[in-house]
Amino acid sequence: MDIETIAKKLNLEVRSASDRLKNNVTGGYTGDLLSDVMANSHEGDIWITRQVHQNIVAVATLKEHAGIILVNSCEPARDTLEKAIQEKIPIMVSSLPAFELTGAIYNLLGKKD
Amino acid sequence: MVAWNKLKITVHTTETENYLYTNNFDIEGGNFSNAGTIATRIKSILKEIGLPNEVVRKSAIVCYESEINVVSYARKGIMTLTVTPKTVEIEVIDEGPGIPDVELAREQGYSTASQQIREMGFGAGMGLYNINCYSDKFDISSEVNKGTFLKIIINIP
């Protein structure tokens, strides 16, 4: 399933790399500890987090995530956005808390399979 | 591979001269805006060399954690990457506060990170633990008020 489909179904607001919404999402990971995300997430994951600072872009780039979704209507910091545009990492914003968003995406990806 | 005059700790050298690639990368302490860029570059290099995905994945994790440690705690550091036909070797030497008890620091959950670093999602005491988990050999030596030296080996199957 691509990011665009997930974004439409869950009313996500796209903040960067809107030309990369065809990125394929193969799984997901939810977490705010960067070392945990580094160790346990996978390429193609959509990363759900509350962190808004620029280092999330470095992690997503390194892990080749499909994109990042910020929860609870949190907005990315300005330098985060600049970096995300530069690295072509889609960052989206959801009004949902992490638990609900994770469940919704889990179900979407499950239906697809 | 690297020499740091101010640091009186043992710096090992690569066990084989038969390397495919070697290079040094400077890491700037305290500069969180560039944190992760060295690990990203090294990942690209290893991919380009054509190493197996699992080796690239493990190397990226240990490079990232080592880089973040230098950025978080040290004034500056050098990461040396050496690829041989059988191993990826990563050495990191920094000029910084050092670690008083390296065995304790290797334990999951132990951290001396400031509140500010923790709020960014670092400093959860997973760094050295992750390096240990994702490497085949991991040596660490440190001298307080001088710096820390890491040598990490990942075998290529």
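The model is predicted, so a local feature needs pLDDT of at least 70 and a side-chain atom pair counts only at pLDDT 80 or more, while totals for chains, interfaces and linings use all residues. Residues are numbered from 1 along each chain as its sequence is written, and chains are lettered from A and ligands numbered from 1 in the order in which they are written.

I start with chain B. Its secondary structure comes to 5 helices and 5 strands; helices are DSSP runs of H or I with at least four residues, strands are runs of E with at least two, and both are numbered from the N terminus. Along the sequence the pattern reads β-α-α-β-β-α-α-α-β-β. Of the 157 residues in chain B, 41% are buried. Buried means that 20 or more other C-beta atoms lie within 10 Å of the residue's own; 12 or fewer is exposed, in between is partly exposed, and the C-beta atoms are placed from the backbone. For contacts in chain B with a separation of 6 or more, 67% come from residues 24 or more positions apart, a contact being two C-beta atoms, placed from the backbone, within 7 Å.

Now a helix pair in chain B. Helix α1(B), residues 37-49, packs on helix α2(B), residues 53-73, at about 160° with the axes 8 Å apart. That makes the two roughly antiparallel: angles over 145 degrees count as that, under 35 as roughly parallel, 65 to 115 as roughly perpendicular, and the rest as oblique. Axes are lines fitted to C-alpha atoms, for helices over the stretch in contact, and angles run from 0 to 180 degrees between N-to-C directions. Among the residues that meet are B:I38, B:I42 and B:L46 from α1(B), and B:V56, B:C63 and B:E67 from α2(B). The contact divides into 9 nonpolar, 1 polar and 3 charged residues. Here Ala, Val, Leu, Ile, Met, Phe, Trp, Tyr, Cys and Pro are nonpolar, Asp, Glu, Lys and Arg are charged, and the others, Gly among them, are polar.

Chain A has a pair to set beside it. The axes of α3(A) and α4(A) come within 8 Å and cross at roughly 20°, which means that α3(A) is roughly parallel to α4(A). A:I56, A:V57 and A:T61 in α3(A) meet A:T80, A:K83, A:A84 and A:E87 in α4(A). By class, this contact has 3 nonpolar, 2 polar and 2 charged residues.

Which residues of helix α4 of chain A are buried? They are A:T80, A:K83 and A:A84, in a helix that runs over residues 78-87. These residues lie on the same side of α4(A) because they cover an arc of only 100° around the axis, taken from the directions from the helix axis to the C-beta atoms. An α-helix has 3.6 residues a turn, so residues three or four places apart point the same way. On the other side of α4(A), A:R78 and A:Q86 are exposed. The buried residues pack against α3 (55-63) and β5 (91-93) of chain A.

Next, phi. Most residues other than glycine have a negative phi. After α4(A) comes A:K88, with a positive phi near 60°. A:N11 also has a positive phi, near 50°, and lies in the loop between α1 and β1 of chain A. B:N145 is at about 70°, in the loop between β4 and β5 of chain B.

Last, the contact between the chains takes 16 residues from chain A and 19 from chain B. On chain A, α2 (34-40) and α3 each supply at least two residues of the touching side.
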